[in-house]
Amino acid sequence: MPLLRRKPFALAELPVDLKPDELVYQIRFTKEIFRDYHEYLKRLNLYRQRVWMCKVTGKTVLTYEEAMVSEQRATEKVQQIPKELMTTALRIIQYSMLPLKDLADFIAEKLQKRLFVGAELHGKKDDGVHPCKILKVIQKGVDKFCYEVAWLDKNKNISERAEVSAEDLVHKKPLFSRNILKSFIRESTYRNAPWVLHDELAKNHGISTDIPEELRGRVFFKDGLLICSKKRKNEESLEDSDGKRKKLVGAQVVDSGLEKENGRHKDEPIKYPIDDLLVKPSPDDPVFTDRPSPSRDFNIPMSCVGDLLMVWDFLTSFGKLLHLWPFSLEDFENAVCHKDSNVVLLVESHAALFRLLIKEDDECSSAVKKRKLKSKITMINWTEYLCNFLEMINIPELQHCEATIKRGHYGLVDASVKLEILCNLVNRTVGSAIFREKLDVIIEQRQALGATRREEALEKARRRREEKERLKAEAESNGYVNGHHMNGANVLTNNMHGIQNGEAQNGDVGEKSKIKIESSGQNDPLSGSGINHLNTASKKTPKKQNSELKEPMENGKELSRKESPKQLKGDKNPSEKNSEEQRKEYFEREMEKRIIRRSPLGKDRDYNRYWWFRRDGRIFVESCDSKEWGYYSSKEELDALMSSLNCKGERERALRKQLEKYYNKICLEFQKRSKDLMHKILDESVLRRSTRVRAPPRQNPANAFLRYVNKWKEE
């Protein structure tokens, strides 16, 4: 049975008291029967959406029919596993805590050692390996087996029979692929962590359904369902002072022995983050501000805000593909609420979607040809295409407005109906073959950008590693050379000092002078950088010596050997950082241009979702039941929102992290939006003043949507 959002989906039950001659609606592939046509269409549209998952293979983004076909094909492959090995595999699966990949590998390893009648493999014969087939298993001891095999020729015909030992049999390839074993595991179970077999399957193969001793306390049955304690991936084992093992499960440390100390359980600190609803106030918590109330001044009904955002985001995100010039969310909202029947923005939006649907040879294209509509969609005939589409989808709630549209009064249609029509158009467009092909191209481009970004990161890391190794090698070589130069300089200086004072033969005085020069070298401004030149002083002229000694001096200050690499490195950092930031911004811009789907920034503790649309400059807040909407549009509201989030909770911690990541960009869009609003207010004030003095009025900014022009219109 296909899964909906990774969860089982129950089919509709048969209507009660169904009469033989009653008119009903049946879905072909599920055999569901509906009395109500609206319920039938609603369920059918759900099955056509790509939100289904094949339970056996784990494939996603499928329609219900595609998921059913995938399950049938996978089930046929699973049936390749012989019945002799199936029981052994099911015993391994039952209550296993291994991940899917590890469990498949473990089963493959175990089944590889078990041979059964009918298995085809290779055996050693006449100093060679030949194909054979097991005819009989002969047990010659407790764990010792021999096998009667039939040697096969090239056409897999039996040439002769022989008895061989297990050591003479060779597996050149696994009995089953890992994908088949993974599908077998998924099909045989109804839950994981631990994996639990279907009751009927376990009963047929004689496998116990009792919970193992080691899992008791972690899993239990409730109302006939297996309940598993929430376990963190990074489950840690702690050991108390008495040497007793403790396991960290979820957010609580549970003593495996449930021992008590002084009649009470020993309190253990909670490891954060945990589920937001389990977070309790603590005296160490920072001061959280009150969450600001979002603005709710929408022109459309609250229940339609989600549809408005979905349609607008789709039309602007895929504008180039649809040949539709982008427009603001406010203009789109005003256009939907406007009572004029031929608002250019809405006409162009419908026309762009109709053009793409007509290009595909499907139901929509056939209907257009049948009604002999003009090939070019204009301001005059666009409503004919709209009525044709409404007849084609045949939704009762939308058909009652068809007469109004035919009379040329589209503007009188309710805003919620307009948005519902656009939603159906968008869903139809997304499911079209042409759009899917173009979407595949965008996905390939995103993958290419991601690959380029990864290659650049690897190349950068490689260069950094090579540079580090080069500096290390230079430092080691400099240390070696300087050590030799230091010794030579000390000897040369001592000899010169002894000759000048007539004490070259006096070892004691020479030692004293040597110590004196070495100690004075610590305070010598040239000791750090110029001392390495003294070894070659006898081979160079005084002018060259002076010039070399002056080379490390810059602006009257010395650049020591230790400081020079840091300063040189510091000189390169700004340009490198700018280049890195520019590349990062470039990749983000290109990815944003090729966006596939929009995801929320995160959720708060009450499961309210937060959405940010870069083209609009507002953060939208959607309630957990999608019935209430609001938005934030200022930096102060954003700061207050972030200050109200408790990072001890999993959801609010993730939300705050995303807000911090995009903080600068969001604030920049807020600032841009506030400037645009100020300009609109000023223009409106000038407009009112100009009408009062009978001067030529300016264009009203509130009616900007009426001046929309599609610059990307397909001719």
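**Close-up views of strand pairing and helix packing**

**View 1. Leu-3 stands opposite Met-53 in strand E5.** The model shown here and in the other views is predicted. Leu-3 belongs to strand E1, which covers residues 3–4. E1 and E5 run antiparallel and are joined by 2 bridges. Together with E2 they make up an open sheet of 3 strands, in the order E2-E1-E5 and with antiparallel pairing. Strand E2 (7–8) and strand E5 (52–53) are at the edges of this sheet and have a single partner strand each, so one side of each lacks a neighbour in the sheet.

**View 2. Strand E21 is covered on both faces.** A residue is called buried here when its relative accessible area is under 20%.

**View 3. Strands E20 and E21 form a hairpin with 5 residues between the strands.** E20 consists of residues 602–603 and pairs with E21 in the antiparallel sense over 2 bridges. In the hairpin, Tyr-607 adopts a positive phi near 70 degrees.

**View 4. Strands E21 and E22 form a hairpin with 4 residues between the strands.** E22 comprises residues 618–622, and its pairing with E21 is antiparallel over 5 bridges. Trp-612 is placed opposite Ile-619 of E22. Gly-617, in the hairpin, has a positive phi near 80 degrees.

**View 5. Helices H7 and H9 cross at roughly 120 degrees.** Two packed helices are described by the angle between their axes and by the distance between those axes. H7 covers residues 305–317 and H9 covers residues 329–337, and their axes come within 10 Å. The crossing is right-handed.

**View 6. Residues of H7 meet residues of H9.** H7 contributes Leu-308, Leu-309, Val-311 and Trp-312. On the H9 side are Leu-329, Phe-332, Glu-333 and Val-336. Sorted by class, this contact of H7 with H9 contains 7 nonpolar residues, no polar residues and 1 charged residue.

Notes:
Residues numbered from 1 in each chain as written. Predicted model: local features only at pLDDT ≥ 70, side-chain atom pairs only at ≥ 80, totals over all residues. Heavy atoms only, no water. Buried < 20%, exposed > 50% of the residue type's maximum accessible area, 1.4 Å probe, protein only. Pairing = 2+ DSSP bridges. Axes fitted to C-alpha atoms, helices over the stretch in contact; angles between N-to-C directions. Left-handed = near helix turned anticlockwise from the far one by under 90°. Contact = heavy atoms within 4.5 Å. Nonpolar A, V, L, I, M, F, W, Y, C, P; charged D, E, K, R; others polar.
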